[in-house]
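The following exercises are to be worked through with the sequence and the 3D structure at hand. Each task is followed by a solution in steps.

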Amino acid sequence: MAQFSHECGAGTALVENLNYAAPGLMATWPGRFDASKAAAFAHRPEQIANEVYNGRLGNRPGSYDGWTYRGRGGAQVTGRANYARLSEAVGLDLLAEPDLANHPDHFLACAVGQFLLCGCLPFAVHDDVSGVTLHLNGGYIGLAQRQAWLGRWKAALTGQGSDLPSAVWLQESLNRLGAQPPLAVDGSFGPITCSALRAFQAEHGLTVDGRLDAATVAALAAAGQTPPAAGA
């Protein structure tokens, strides 16, 4: 979700904006645009898309594919070949109707599908934001913003807010209580840590949701795992 939030402007930019001014063209594609060419293409998004994307990503040279298959959706799938691959994965004809990637009924499935097809999952499991970014984006554009989004999503989905102990404390506490398999104390909130937390919640009669909330912290404290002082 952190990657999707960055890629599509937190839902405000679901289709790639290619309305570049001349300086932006030269900065983004310095090997493709000099001052003269950038001036000729400035604020012509369809022509820009076909110029920079055709002949790669499965787009046919001399076609309209660059514009038709520009970035869309939470993961900003781009290029005819990637739309075709995603079509097969999610069971939609995105080649014929590329805007289906932004349809409310399919948006999340398409974004997650592209995330998986890009090989991001092994890096996400280990909280490797750089690795996920490289595989989804092809570079490290916006890495700091993606890291910030990750913190916000963790706070929202796992209860890892500033008023609660860290994931490191949670992992250490569950290990002292005999978590099997023992957890890697790395501060990530991956599936193994979540599973151990769910097991603790079930054992202590708590809501089994894998969230580190105030009730779970209290139960851990009652089990002898004193949380650190707020802000520590």
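**Exercise 1: Helix 7 and its surroundings**

Task: Identify the buried residues of helix 7 and the helices against which they pack.

Solution. Step 1. In helix 7, the residues C110, A111, G113, Q114 and F115 are buried, where buried means under 20% relative accessible area, exposed over 50%, and partly exposed in between (1.4 Å probe, protein chains only). Helices (H or I, at least four residues) and strands (E, at least two) are DSSP runs, numbered from the N terminus. The model is predicted: local features need pLDDT of at least 70 and side-chain atom pairs count only at pLDDT 80 or more, whereas totals for chains, interfaces and linings use all residues. Residues are numbered from 1 along each chain as its sequence is written, and side-chain values use heavy atoms, with hydrogens and water left out.

Step 2. The buried residues of helix 7 pack against helix 1 (2-7), helix 6, helix 8 (121-125) and helix 9 (129-137).

Step 3. Just after helix 7, G119 has a positive phi of about 80 degrees.

**Exercise 2: Helix 6 against helix 7**

Task: Describe how helix 6 and helix 7 pack, and state which residues make the contact.

Solution. Step 1. Helix 6 (residues 80-90) and helix 7 (residues 107-117) pack at an angle of about 110 degrees, and their axes are 10 Å apart. Axes are lines fitted to C-alpha atoms, for helices over the stretch in contact, and angles run from 0 to 180 degrees between N-to-C directions.

Step 2. Helix 6 is therefore roughly perpendicular to helix 7 (under 35 degrees counts as roughly parallel, over 145 as roughly antiparallel, 65 to 115 as roughly perpendicular and the rest as oblique).

Step 3. Helix 6 contributes N82, R85, L86, A89 and V90 to the contact, and helix 7 contributes A109, C110, G113, Q114 and L117; contact means heavy atoms within 4.5 Å.

Step 4. The residues of this contact of helix 6 with helix 7 comprise 6 nonpolar, 3 polar and 1 charged. Here Ala, Val, Leu, Ile, Met, Phe, Trp, Tyr, Cys and Pro count as nonpolar, Asp, Glu, Lys and Arg as charged, and the others, Gly among them, as polar.

**Exercise 3: Helices 11, 12 and 13**

Task: Determine which helices the buried residues of helix 11 pack against, and how helix 12 and helix 13 cross.

Solution. Step 1. In helix 11 (residues 167-176), the buried residues are A167, W169, L170, Q171, S173 and L174. They pack against helix 12 (191-203) and helix 13 (214-222).

Step 2. The axes of helix 12 and helix 13 come within 11 Å and cross at roughly 75 degrees. These two helices, helix 12 and helix 13, are therefore roughly perpendicular to each other.

Step 3. L197, F200 and Q201 of helix 12 meet T216, A219 and L220 of helix 13 in the contact. By class, this contact of helix 12 with helix 13 has 4 nonpolar, 2 polar and no charged residues.

**Exercise 4: Aromatic pairs**

Task: Classify the pair of W29 and F33 and the pair of F33 and F41.

Solution. Step 1. Rings of Phe, Tyr and Trp (its six-membered ring) pair if their centres lie within 6.5 Å; planes under 30 degrees apart count as stacked, over 60 as edge-to-face and the rest as tilted. By this rule there are 5 aromatic pairs.

Step 2. The rings of W29 and F33 have centres 6.3 Å apart and planes at 55 degrees, so the pair is tilted.

Step 3. F33 and F41 form an edge-to-face pair, with 5.5 Å centre to centre and 75 degrees between the planes.

Step 4. Ring pairs link Y20, W29, F33 and F41 into a cluster.
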